[in-house]
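Biologist: Could you walk me through a few packing details of this model?

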Amino acid sequence: MSGSEEPAQPTARPAARPLVDGAALGQVGVWSGQFDFSPAGVVREAVAELDELGYPTVWTGEVKGREVLVTAGMMLAATARITVATGIAQILARNPLTMAAGQLALAEAFPGRFVLGLGVSHAELMQIRGVPYTKPLGQMSAYLAEMDRMATEQYRAVPPLVEPPRVLAALGPKMLELARDRADGAHTYFVPPEHTAAARKTLGSGKLLVPEQAFVLDTDTERARELARRHTGSYLRLPNYTNNLRRYGYTDDDFANAGSDRLVDMIVPHGGPEVLAARIAEHLDAGADQVAIQVLDYDRRGLPRRQWRELAPALLAL
């Protein structure tokens, strides 16, 4: 074959993306933004342990660390069963062909084990990348259309046998509607169970809904809330989250000083495994397919591997 020839296409790409089977992902996944603070060898070891413990899905995000599709590939290569999902890959960090190519390549290499979560992210983070953050809904809609076109017309590597799923980071009604109409569902973040119920109503049936749920495994309330506020304080500076929480009765008083007790205890509950299991049940009862747990650790750069092990029996029994 000469260098100018294109690789053969053994199978045609399906015309329509199938619905995601939420049960295949399991009711509880692990969400962590801490992987960037560990060397690659530790990341591989940690995600392999999650796989061995029986967690069905691991979610990893993208801020200013590793390129998230590279991280996903590293995790998939280090494991045998676990599904890897991005929560989220920033659309303004890469053009639509690059995103489609990454998704399709991972889906072909690791069939049925990769979920692409996409998001517009936040104005503050996009300023770092030097790209404009203007109208998120319009940007996402246009991006999805171009991503689909590029995947169909331009991608020339061997395609996956089944069109891989994608979900959208969505909080407000309009983005949730876009997730319903143009994706396989939604990945929500920093939300109470009431939001999960509203999101399910907007998405309807047959669409994946995965809320993130932060948690501190500690029965000491004062100490746990201090750690929780380290988490909530960073997000309460972002208007996307505060605007969403206002829909559920939270006010400026709740947003001050890294969060009121009632807000902190809702967004980041604390206690033993039974407390987290109860909150997960609230989200599931409200319509979630899976809840992605983000366990916070007192080590700012540490992975909560001890907590993942301690929580596994209770959570995987749900």
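Modeller: Happy to! This is a predicted model, where local features need pLDDT of at least 70, side-chain atom pairs count only at pLDDT 80 or more, and totals for chains, interfaces and linings use all residues. Residues are numbered from 1 along each chain as its sequence is written, and side-chain values use heavy atoms, leaving out hydrogens and water.

Biologist: Is Q103 buried or exposed?

Modeller: Q103 sits in helix α4, residues 96–109 (helices are DSSP runs of H or I, at least four residues, numbered from the N terminus). Buried means under 20% relative accessible area and exposed over 50%, with partly exposed in between, using a 1.4 Å probe and protein chains only. Because its relative accessibility is 2%, Q103 counts as buried.

Biologist: How are α3 and α4 oriented?

Modeller: Axes are lines fitted to C-alpha atoms over the stretch in contact (heavy atoms within 4.5 Å), and angles run from 0 to 180 degrees between N-to-C directions. Helix α3, residues 68–77, packs against α4 at about 5°, with the axes 11 Å apart. Angles under 35 degrees count as roughly parallel, over 145 as roughly antiparallel, 65 to 115 as roughly perpendicular and the rest as oblique. So α3 and α4 are roughly parallel.

Biologist: And what is the orientation of α7 and α8?

Modeller: Helix α7 spans residues 173–182 and helix α8 residues 193–203, and their axes lie 9 Å apart. The angle between the two is about 50°. Therefore α7 and α8 are oblique.
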